[in-house]
Amino acid sequence: MIPRLDTSRSVSAANSNFFKHLASVGFEGDTGTGVSERTVYSTDNSIYQVAPAGVLFPKNIDDLKRIAKALAKPEFSTVTIAPRGGGTGTNGQSLTDGIVVDCSRHMNRIIEIDPERRTARVEAGVVKDQLNKALEPYGLFFAPELSTSNRATIGGMIATDACGQGSCLYGKTSNHVRALRAVLTDGTDFLSRPVREEELRALQARRDRIGDIHRTLARISTDDREQIEAVFPKLNRFMTGYDLAHLQREDGLFDLNAVLCGSEGTLAMIAEAELALLPIPACAALITIRYDNFNAALEDARTLVALNAASVETIDETVLQLAKGDNAWPRIAAFFPDDADGPANGINIVEVLADTAGDLAEKLAVVSAALQGTLFAGRKGFSTVHGKADIDAVWTMRKRAVGLLGNVDGPIRPVPFVEDTAVPPEHLAAYIREFRALLDGEGLTYGMFGHVDAGVLHVRPALDLTRADHAALMRRISDAVVALTQKYGGVLWGEHGKGVRSEHVPSFFGPLYPRLQEIKQAFDPLNQLNPGKIVAPAGSALPKIDEIPLRGSLDRILGNDIRAAFDNTAYCNGNGACFDFDADGLMCPSYKATRDRRFSPKGRASLMREWLRRLAEKGVDPRREAERLRRTSTVSGLARRVWNSLNPANHDDFSHEVRAAMDTCLACKACAGQCPVKVSVPAFRSKFLELYYARYLRPLKDPVVAAIEPLLPLMARTRPLYNLVVGSTIGRTAMRFTGLTALPALPAPSLRRSVAIATPEVLARLSAQERDETVIFVPDAFTEHFDPQVLSAAIDIAVLLGFRPFLAPSLNNGKALHVLGYLRAFEKVADRTARQLDRMADTGIALVGIDPPMTLAYRSEYAALRLRARVLLPQEWLTHVIDRLPAPAPVRAPPLYRLMAHCTERSNAPAAVSQWGTVFAKLGIAFSAVDVGCCGMAGMFGHEVQNRVLSENLYAMSWQPALASAGTEEVIMATGYSCRSQVKLMSQRHIPHPLQVIRTHLQAQAAAIGETRHV
Ligand SMILES: Cc1cc2nc3c(=O)[nH]c(=O)nc-3n(C[C@H](O)[C@H](O)[C@H](O)COP(=O)(O)OP(=O)(O)OC[C@H]3O[C@@H](n4cnc5c(N)ncnc54)[C@H](O)[C@@H]3O)c2cc1C
Ligand code: SF4
Ligand code: SF4
C-alpha cells in the first residue's frame, strides 16, 4: 500500500500573512496556497523548478493595486512577487520562490476594439489568438507572431517583447504597443504612453514614484546617448529588457514603454494594454523549398530574403523527420514531397503577402522565377501553398517544431538554454556552422529551425539534466554560445527574453549595466518584483544559470525506469500546448472549462511527477506496489481502506490533491494524441487510481460503472425494468445517490438475433473468396445495446455493398475499467477480448468497430497486450473498400452534411475526419467538418453527478453554439454515441451518425436503380 504523503510546507510568516492581509482588504480574486498549486506553478518551459510560496489570481486591476499596496507596507518588505501569464517562458522568467500573480485566469477580457482607430484595449491575461479571433470580423489583427500564440498572453508578450515569424515585416510586440496601464509597487496606477517634451518635463517634476522614474530615464537617455548607441546592436531583434535605444523615439516622443516592454515583470505589473492593429493581408501564399542539406537552406536564405518576402523560415532535417511522424503531417505532406533523388534534409518556407490576387500572383512569379532561374547547389524542388486552411496547417506544423523536438524516447531530451540566439542575418550561415561544430564536438544531438530573415536560430541540444555531467555541459555550452554570439555581433536572447540567463546581462550591457540598476531602483526600490531577473540591485549579483534548482536535480531520484514507466509524465516540458484557449480546440476540455491549470495535462503531469518523487523519497516503487496489489485479494484490504478513509490523520495526504486533479479529467485522450511530448494523462491516471484506491475507499459510483458493461446483456433482457429506473423520479434519485445521473434509456430492439455471429466454427467454414466478401462488426456492449440503430446502419451498408456481415461474439471492451483504474480487472477482460479478436483477425476478415473511443481503445489501452488484430473505424473500412461504393448520384440540392467528429478520434486518428470526407465525396454528398471541442459527455464522465455541471459548461462552450448556428440546409452528424446523447439531453435534438446518412443514401440510390430497371 502506498504511504501517506505529507503536505506540510514551509512558507515564511511574511508570505502567509500577506495572503491573510489581502483577504482582509477585499482581494476579489482566488488564492492558491496548497501543495498542488505550488507544484504546478513551480515550472514553466525552462529547465528550472522553483516552488512559489503561493499563487494569486487577481480578478481585476483593483486586485493588482491591492497586491501592490500590500507590498509597500513595511511588514511585507521581504515579500516578492512574479507576474505570470501563460507560463510559456523558456528561461524561468515567471518562476519565483515568492508569490506568483497569475493574470491569465480572470484578467482576460477584451475591453474595447476600435476599428476606426485600429486599436484594441485588452487586459493582460488575454491570449494572443483569442484577440485575433475577436478581431477577425473587423479584418484586423495584432501582428507580432509567436509559436505559443494559442496560450501566451498579451501581458507575457509585452513583458518579453515577443515576436517570431514575420518580425522583419511586423517587428516586435513593443512596436505595436500604444499605451500600458501599469501598477507600480507603491500601488500607483499609471497609464504609460509616449509623451512630448513638455509632458515629460511635467512628469519629471512630480515628487512621487512616477517623477523618480521619469527623471532617471530622461537623464540616462540624454547622458548615456553615446554608450547606448555603441552598446545596443542594430538588429531586427534589438536588445530587449530595458531597451534604452528606443526610449527617445525618432519622432521626438519619449516612450517609457520601451523599458516596460521586455522588462519581464521586474518593473511593474501590466494590467491593460492599448495595442495597434493592422489590416489582415488580403492574399497570402507560401513557397516551401526543399534542400539536400540544412547548410544549403541557410546559404540560400539570403537570396530569398532579397526577394522581399514577408518572412523566411527554416527547418533542419531533424525537425523535418519529427514533423513527418506527427499527427499533423498527413494534412500537409503534399507540400513537402520527396524528390526523385530522395527526401529533403532542410526546408525553407517563404511567405508572400499581397493586397490583391493579381499582386500575389506577380510576387509569386518573381519568387518562382528566381528559384527556377538561379541554379543553387543543394536546392531541390519547391511547392506552393494557397488557401488559408493549408497555409495555417503549414504554420501550425512549424509552430509545433519545439514541441516535436521533445517527442523522443529515452531520458536525453532537447532542453532550452541557448535556444533563441540572434545574429545579423548575413552572418547566420557562418555562425550556425560554428554552433553546430560546438555541439557536434560535444557529441550532442539537436534539431534546428528558425527565422532566417531575422538571423534567429532555435536550437535545443539534447541533454539529461538528471546527470551531473550533462548539467556541467549546459554551463560549458552556454558560455561558448555567449562568446559566439558576441563574436558575430548578436545577442543571446533574440526572442524569448532573459529569465535565468540574466547572468549574462552585465557582459552584454557592459558600461550600461549600472544604468539598468538605477532604473530598477527607481521603479522597484525594494527589489520586490521578480528579483533575480534582468538586473540585481547595486552591490549584489544576479544568480548564475547553474545556481537555480534544475528540474533534473529533482527528477534524479526517480531514475530512468520510473520515468519511462509513467507515460511521459516526467517528460512534460511545460511548453503549454495543452493550455489552448480555443473552445473549439481539442486540448484540454477540463482546463478550458475551469481555467485551473491543475486541471490540465501539464497540471496533472506535474502533480503525478511530484507524487512519484515523494514516493521515491520514501523508497516506494509504485510498479512493485501495483504488482503486490494484483497478487492480493481485493476484499482483504477492505478493513484497511475503511480505516484509512476514516482516520483524520489521513485527511492531509498529497495523494488527495493528485486525485482531485485526476477527477476532473474526461479521459478524452486529446493530450495523448495532441501533446507534442505525448503525455498521456488517461494512461498514468489509471495507474495512480489503482494505487490510490488500494489505500482509500472508492466512491460508490465506481463499482456501479464498472459493472455496467458485463451486466448490459442482462439489463437488455430486463429492459422495461431498467428503463423504469432511469425514467422515474425515484429511480433517478436512487441513481443520484450512487453518484450517477442523466442515464439514457435502453432502446429496442437488440440486433443480435438477426445477424450471424462470427464464431470460430462459422468462420472456419468460409472459403478464401468468401472471406474477402465478409466483414465482422465488433460493437462494444454499449453500442450494441444503447446504439443499435447505428450498428444496424453499418450492417445494412455492408449488405448494400455486397458484403456478408457478421457480428463478433459478445465482447467486453473494458475501457470503463481502465478509466477507473481497475487495472487488474481490465487486464483480465482485455486479455480475453484480445485473444478473441486475434482469432477473428487471423482469418483475414476485416474487423470493424463502431464507437470511436471504444474502437481506438484496441490501439491504446490494449497496446501492452500486443494485440495483432486491427479493429478499423467505420470510415477506415469504407475508404479501404471505396471501390465498392457506387458512383455519385447526380448532384442534388443541399442539404450539406456537416460532421462533428468525436474528439478522441480527431486527436488520436488524424485521418479520421478526412476519411469520412473521402467516403462522402465518392457518394457525391456535400460534406464538411465542424471543428468543435469536447461535448462534455466523454463516456460516463458526464453521467457522474460530480461532473455534470462541468459537462454542461463544456457543452455550452463549443457544441451548443455550433449546433445553434447551423443553417436550415445543414444536417449535423456526430460519430460519438456520447456526443449524440449529450446533444439529445442538452438541445433536445436527434442527430444522425454518418453511417445512418450513408445507408439512407445507398438505399435511395438502390431504389432509384431498381425503379429505372423496372421502367
Ligand atoms: C514552444 C515554445 C515556443 C515559443 N516560441 C516563441 C516565439 O515564437 N516567439 C517568442 O517571442 N517567444 C516564444 N516563446 C516564449 C514565450 O512563449 C514568450 O516569451 C511569451 O511571450 C510568454 O508569454 P506568457 O503569457 O506565457 O508569459 P509568462 O511565461 O507567464 O511570463 C513571461 C514573463 O512575462 C512576465 N509577465 C507576464 N504577465 C505579466 C504582467 N501582466 N505584467 C508584468 N509582467 C508580466 C512574467 O513575469 C515573465 O517574466 C516560446 C515558448 C515555447 C514554450
Ligand atoms: S502536457 Fe504536453 S502539451 Fe502540456 S505542457 Fe506538458 S508537454 Fe506541453
Ligand atoms: S484526457 Fe482530456 S481532459 Fe484529461 S488531461 Fe487529457 S486532454 Fe485533458
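**Ligand Shells, Nonpolar Cores and Backbone Exceptions**

Around ligand 3 there are 14 residues, of which C588, R604, C665, C668 and C671 come nearest; a residue belongs here if one of its heavy atoms lies within 4 Å of the molecule. The structure is a predicted model, in which local features need pLDDT of at least 70 and side-chain atom pairs count only at pLDDT 80 or more, while totals for chains, interfaces and linings use all residues. Residues are numbered from 1 along each chain as its sequence is written, chains are lettered from A and ligands numbered from 1 in the order in which they are written, and side-chain values use heavy atoms, with hydrogens and water left out.

**The shell around ligand 3**

- Helices α23 (589-594), α24 (601-617), α28 (670-674) and α29 (681-695) each supply at least two residues of this shell; helices (H or I, at least four residues) and strands (E, at least two) are DSSP runs numbered from the N terminus.
- By class, the shell around ligand 3 holds 11 nonpolar residues, one polar and two charged. Ala, Val, Leu, Ile, Met, Phe, Trp, Tyr, Cys and Pro count as nonpolar, Asp, Glu, Lys and Arg as charged, and the others, Gly among them, as polar.
- C588, one of the residues that come nearest to ligand 3, is placed in the loop between α22 (559-565) and α23.
- A cis peptide bond, with omega about -10°, joins M587 to C588.

**The shell around ligand 1**

- Ligand 1 has 34 residues around it, and P83, G85, T88, T153 and C163 come nearest.
- At least two residues of this shell come from each of β3 (81-84), α5 (154-160) and β10 (269-276), and α5 gives the most, with five.
- The shell around ligand 1 divides into 13 nonpolar, 18 polar and three charged residues.
- Oxygen atoms of ligand 1 take part in polar contacts (N or O atoms within 3.5 Å): one lies 3.4 Å from a polar backbone atom of G156, one lies 3.1 Å from a backbone N or O atom of E264, and one lies 3.1 Å from a polar side-chain atom of E495.
- Taken alone, ligand 1 exposes 960 Å², and the protein buries 99% of that; the areas come from the Shrake-Rupley method with a 1.4 Å probe.

**Nonpolar cores**

- The largest nonpolar core has 118 residues, and those with the most contacts inside it are I154, L217, L244, Y431, F435, F509 and F523. Helix α18 (residues 468-487) gives the most to this core, with seven residues.
- A second, separate core of 57 residues includes F57, C588, A616 and L689. Such a core is a set of buried Ala, Val, Leu, Ile, Met, Phe, Trp, Tyr and Cys residues joined through side-chain atoms within 4.5 Å.
- Beyond its neighbours within four places in sequence, F509 is in contact (heavy atoms within 4.5 Å) with residues including F232, Y242, W493 and L516.

**Positive phi and buried polar residues**

- Most residues other than glycine have a negative phi, and most peptide bonds are trans.
- D161, in the loop between α5 and α6 (167-170), has a positive phi near 45°. At 1% relative accessibility, D161 counts as buried (under 20% relative accessible area, with a 1.4 Å probe and protein chains only).
- N530 has a positive phi of about 40° and is placed in the loop between α20 (513-523) and α21 (551-555). N530 is buried, with a relative accessible area of 1%.
- N644, in helix α26 (residues 638-646), is buried, with a relative accessible area of 6%. Leaving aside neighbours within four places in sequence, N644 is in contact with M1, N650, R695 and Y696.

Definitions and conventions
Buried means under 20% relative accessible area, exposed over 50%, partly exposed in between (1.4 Å probe, protein chains only). A polar contact is a pair of N or O atoms within 3.5 Å; within protein, one must be able to donate a hydrogen and the other to accept it, and residues adjacent in sequence count only if both atoms are side-chain atoms.
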